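Please work through the exercises below with the sequence and the three-dimensional structure at hand.

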Amino acid sequence: MTPKRTIEDHLKIEDLLREEYFELLPALRRLAMQLETEIRSLTLPILHNLRPYEQLVVKSRVKECESALNTLLGPKEGRTFDPDRPGGYSLLQLPDLAGVRVLVFPNNRLIQVDDALRDRFADWTPKPIKYGGGSAQAPKYFGYCNEISRNIRGEYQVVPMLLGLFWEVEHAAMYKFRPAANSKDMRNHRTVVEDSLISFENGMECFVRDNIGKYPENPSKN
Amino acid sequence: MKKSDILWQADYRYNFDRDLWVNPKAKKAFSVEFVDDNVEGEIVRRIEQRTNGNGWTFYFNTDPSDGVKRVLEQVLG
């Protein structure tokens with residue numbers, strides 16, 4: 001007869017996952033660095049041709065241990081790993097343990113950056129980020145860097161800069177405080193902010209389009 | 001009255017690790033999803049609901065598995 005499992009099983013799941021995380025960590029760091037280096041290199045021609053008011057920032061990150069555990073747990077009620085779940089748990093199920101975020105301003109650079117990266121990451125799976133009530137989307141892809149690991153997936157995304165910076169604060173606040181994330185009021189506030197940021201970014205893009213030719217291509221190169 | 005106020009006044013405290021409203025004395029726990037999806041009257045009814053007092057009662061939208069119940073009972077004390 002199989003003995004009844006105890007609390008240690010649950011703690012063991014979390015501890016085993018933490019152990020797995022720290023075993024993976026050196027490879028995760030290498031993966032983040034590899035992605036960042038390649039993406040910086042591939043976007044260098046765009047960076048060199050930015051106008052003075054334009055920006056392109058490449059940021060890499062390795063998901064933190066507890067954040068990885070929470071993501072693996074998902075939005076399940078009670079936030080508790082099930083000791084009886086068949087197949088168990090592994091952090092390798094996550095597609096975004098290491099990743100790169102490219103922030104661009106204004107939006108017309110977004111497609112350019114996306115295009116510049118597509119050939120190198122042609123076999124990666126697209127999973128666009130939807131925002132603005134689902135009306136807009138930013139490119140996001142995940143896949144393997146075989147030079148680093150055939151088991152750990154990496155991710156990269158190209159996002160409008162203002163939204164990307166807002167999400168850095170908003171995601172942490174909303175995901176770590178579920179009642180806020182579930183609150184209709186807070187969701188409305190988020191939509192209002194996103195709409196304003198989208199409006200600013202679109203406004204800048206329109207202004208540039210309508211006034212192209214009136215200003216030198218890249219005055220800093222003169 | 002807001003649902004969070006109703007729970008607070010009935011000595012339920014928010015557990016950030018599990019996203020649960022918990023009252024160890026009453027041995028009851030409400031998931032944040034259950035609280036969101038039910039009206040104030042239903043929350044009050046469940047707070048006042050008599051239980052056998054032997055083990056914990058979980059108010060979830062989807063019943064937790066036996067394994068999760070076992071873990072939560074021990075984690076919550």
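Two exercises with worked solutions follow.

This is a predicted model, in which local features need pLDDT of at least 70, side-chain atom pairs count only at pLDDT 80 or more, and totals for chains, interfaces and linings use all residues. Residues are numbered from 1 along each chain as its sequence is written, and chains are lettered from A and ligands numbered from 1 in the order in which they are written.

**Exercise 1.** Determine how the axes of helix α4 and helix α6 of chain A cross.

Step 1. The axes (lines fitted to C-alpha atoms over the stretch in contact, with angles from 0 to 180 degrees between N-to-C directions) of α4(A), residues 161-175, and α6(A), residues 184-211, come within 9 Å and cross at roughly 160°.

Step 2. Angles over 145 degrees count as roughly antiparallel, and α4(A) and α6(A) are therefore roughly antiparallel to each other.

Step 3. In this contact (C-beta atoms, placed from the backbone, within 7 Å), α4(A) contributes Leu162(A), Leu163(A), Phe166(A) and Glu170(A), while the residues from α6(A) include Val193(A), Leu197(A) and Phe200(A).

**Exercise 2.** Describe the side of chain A that touches chain B.

Step 1. Contacts link 12 residues of chain A with 19 residues of chain B.

Step 2. At least two residues of this side come from each of α1 and α5 (178-182) of chain A; α5(A) gives the largest share, 3 residues.

Step 3. This side of chain A holds 3 nonpolar, 4 polar and 5 charged residues, where Ala, Val, Leu, Ile, Met, Phe, Trp, Tyr, Cys and Pro count as nonpolar, Asp, Glu, Lys and Arg as charged, and the others, Gly among them, as polar.

Methods: Helix = DSSP H or I, 4+ residues; strand = E, 2+ residues; numbered from the N terminus. Parallel < 35°, antiparallel > 145°, perpendicular 65-115°, else oblique. Contact = placed C-beta atoms within 7 Å.
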